[in-house]
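Here are my notes on the model. Please read them with the structure open.

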Amino acid sequence: MNLYKNANAPIADRIDDLMSRMTLEEKIGQMIQLPAKEGIVEENYIDRIYDWHIGSFLHCTGKAAEEIQRMAEKSRLGIPVIFGIDAIHGHCFEDKGTVFPSQLSLSCSWDRQIVKEMARVTAKEVRACGIHWTFSPVLCIGRDARWGRVDETFGEDPWLIGELACAAIEGYQGDSLDSEDSILACAKHFAGYGEATGGRDSFEADVSKRKMLSIFLPPFEKAVKKAKVASLMTGYQSNNGLPATSDSWLLREITKKQWGFKGFIVTDWDNVGSLYKKQKVARDLKDAARQGIVGGNDMMMSTDSFFENALQLVQEGTVSEDLIEDSVRRVLKIKFEMGLFDDKRHIPTDRQSEVLGRPEHWDVALDASRESMTLLTNNGVLPLQDMKNKKILLTGSNGDDVIAQLGDWSFGSMQAGHANETYHREDTVTLRDGLKKTSEKYGFDFEYIKGADVLDNGFDETDLVKKRAKNSDYIIVCVGDTIAQHGEGHDRSDLSLTGKQQKLLEVAKASGKKLIVVYIASKPLAISWVKENADAIICCFNPGAKGGTAITEVLLGELNPSGKLTISFPYSAGQIPVFYNKYTGWHSDNEDGKERYIDLPEEPVFSFGEGISYSRFSYSDLKVLTSSIKKGENPQFEVTITNISDVDGTEIAQLYINDVVSTMTTPCMNLKGFHRVDLKAGMSKTVQFTVDWDELAIIDADLKKIVERGEFEVWVGPSSIREKCLKSSFWY
Ligand code: GLC
């Protein structure tokens with residue numbers, strides 16, 4: 001038997017043996033990933049499996065993966081194919097897959113454990129379909145709400161993004177990659193993709209190396225060093241004029257050399273082709289292939305000119321075969337580690353129906369939706385009580401729109417291919433479904449009138465709402481956006497509520513009834529009017545298939561919400577950039593001394609970390625346990641939190657730090673710790689925070705990471721609003 005086929009031989013020896021048998025064509029084939037969908041392989045790539053020895057396909061659904069895997073097994077060396085898919089909030093492209101809240105929604109849980117459990121369930125369902133790899137988690141920083149992909153981020157803070165990304169990666173990859181419950185994670189988009197100027201998807205990002213090292217790389221460094229992420233995906237955009245795809249400082253120096261990254265880097269969709277077609281940094285597709293290889297990408301997604309060009313580049317001596325071999329080794333190592341050469345090559349065909357959408361998976365999804373619920377305002381109208389014989393009028397199209405509720409990268413996305421409107425319907429509970437189901441239990445009357453569409457399409461039932469509001473006690477208006485208004489290549493210049501949503505809100509307000517707003521959207525929109533006029537606001541973003549159940553439970557007091565925002569709500573697009581960890585020094589000569597535009601407040605409508613509960617909490621006795629720290633010492637703090645209400649609840653206590661004086665400008669504060677604290681009514685708990693010494697560092701003018709001597713301020717409280725925090729300081 002050839003050594004590489006011996007499952008008991010060391011993987012390094014098996015790779016050496018296999019590499020020694022591979023032709024240059026077969027090696028290059030391992031660097032190619034092409035699209036495949038249900039039953040067919042796009043653009044006749046079937047014959048490419050043999051001619052180009054393709055090593056990977058993406059977007060396989062149904063039985064496509066198994067079909068292709070069996071063909072690859074018959075190839076000369078029988079090298080297995082590795083399949084990837086965008087299962088980024090559950091295995092959403094399969095109708096029976098479990099659909100979780102979007103990353104942005106789930107991030108508001110501030111719960112590493114539920115993020116890990118989401119990933120665990122997703123891994124089991126993806127692997128059961130013969131797919132080995134999800135292009136998730138997204139580590140982009142959501143700092144511009146105009147961008148179409150903010151919903152895919154864990155919000156605006158790099159530190160929290162890193163924490164939650166590691167939880168997701170650990171959930172996806174499990175304890176061992178050769179388990180049938182584990183898949184490869186992919187930290188993306190490497191790096192700085194969300195910083196494209198003006199929120200314009202894939203556009204130029206003005207990110208200096210120092211800002212890259214200070215803000216955008218730290219989450220990826222945690223993913224590589226702490227969570228051992230198996231793959232990275234290169235972003236579409238250019239940073240400071242250099243496409244990420246051809247940036248060897250990023251893809252070789254930082255990751256493979258400095259961080260010791262042992263996995264592999266895949267480009268985003270046709271990034272190599274874009275070097276020539278869009279970014280115009282390559283004189284032809286062959287030069288683009290050269291840049292993609294030399295830049296440090298190990299696998300090229302959906303660039304079908306790559307095979308011939310790479311072959312020529314090596315044969316003519318322009319590109320060293322050593323670079324090809326390094327990439328191929330990285331890819332083969334993963335395939336061996338996943339057992340794909342051995343007993344894990346094929347998945348039993350009945351496994352998909354056994355695993356997808358198991359009841360225990362939906363239990364996790366419901367818990368995830370519950371923890372994502374973020375109560376932004378409440379004048380006491382919630383929770384609804386003594387509802388017998390009362391009347392609830394629900395209005396707004398997002399109150400009963402499955403795709404608006406599930407969000408991007410589920411069946412409504414352009415990548416979903418064969419999916420259709422029926423997908424996930426029977427598993428999805430909209431707010432309309434949830435209220436209808438509970439009306440009998442609580443004895444209230446319930447009516448749903450769509451009232452207005454999210455899109456400007458002329459649909460207007462506001463007169464009917466006005467009429468029916470007269471004999472209602474509560475009006476619940478569901479507002480937000482829908483799949484046509486976000487996603488890849490769908491950025492917005494104006495963040496106002498579209499269609500007749502604002503008119504619907506004003507009709508509801510004018511009725512004089514209690515106005516409760518439920519916010520289902522992919523991103524923060526301009527809802528300052530809602531903050532001023534609603535009696536309560538529940539923010540859900542895209543809350544997943546069980547979102548309607550969770551919202552209904554909050555409305556009726558069965559669930560005490562604990563979510564906190566991980567992204568700021570701007571007054572308008574004009575206030576962007578507006579995020580909590582801002583720089584100071586804005587010359588703005590206002591009577592209140594605030595750093596702001598003359599026509600806007602300094603703060604956003606809602607700040608990072610905000611979210612209230614049916615409980616009330618107080619903070620006391622902030623203690624700095626290390627008032628003066630030595631080099632390398634982790635500062636420690638403790639604080640007491642008390643539930644001063646008569647309702648058991650959960651508070652997410654946050655800790656922020658500021659380097660008061662430093663040789664470079666630094667943000668006014670940075671999140672460096674949090675605790676989810678469960679507290680019974682009237683109880684107190686003292687919690688401790690320990691901050692890694694490394695987290696005190698800045699990147700100096702020479703791009704060196706250094707903790708500078710001086711004073712550090714510390715704030716601990718319910719959000720990033722400093723006036724609501726306890727403050728102290730320590731010295732190094
Ligand atoms: C898309 C996205 C990326 C995704 C990939 C495969 O263009 O940018 O996030 O993983 O293509 O679908």
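Which residues does His 346 touch, not counting residues up to four places away in sequence? The first point takes this up.

1. His 346 touches Glu 66, Gln 69, Arg 70 and Glu 73, leaving aside residues up to four places away in sequence. Contact here means heavy atoms within 4.5 Å. His 346 sits in the loop between helix 13 (321-337) and helix 14 (351-355). Its side chain makes a polar contact of 2.8 Å with the side chain of Glu 66. A polar contact is a pair of N or O atoms within 3.5 Å; within protein, one must be able to donate a hydrogen and the other to accept it, and residues adjacent in sequence count only if both atoms are side-chain atoms.

2. A word on the basis. This is a predicted model: local features need pLDDT of at least 70, side-chain atom pairs count only at pLDDT 80 or more, and totals for chains, interfaces and linings use all residues. Residues are numbered from 1 along each chain as its sequence is written, and side-chain values use heavy atoms, with hydrogens and water left out.

3. Look at the ligand's oxygen atoms. A polar side-chain atom of His 189 lies 2.6 Å from one oxygen atom. For Lys 188, the distance from a side-chain N or O atom to a ligand oxygen atom is 2.8 Å. Glu 488 also places a polar side-chain atom 2.8 Å from an oxygen atom of the ligand. The protein buries 98% of the 310 Å² that the ligand exposes when taken alone (Shrake-Rupley, 1.4 Å probe).

4. Helix 17 covers residues 431-442. Helices are DSSP runs of H or I, at least four residues; strands are E runs of at least two; both are numbered from the N terminus. Leu 431, Asp 433, Gly 434, Leu 435, Thr 438 and Ser 439 of helix 17 are buried, meaning under 20% relative accessible area (1.4 Å probe, protein chains only). Their cover includes strand 12 (391-395) and helix 21 (547-555). Gly 443 follows helix 17, with a positive phi near 75°.

5. Among the elements they pack against are helix 15 (359-372), helix 17 and strand 16 (536-539). Just after helix 21, Gly 557 has a positive phi of about 80°.

How values were computed
Expected span 1.5 Å × (residues − 1). Buried < 20%, exposed > 50% of the residue type's maximum accessible area, 1.4 Å probe, protein only.
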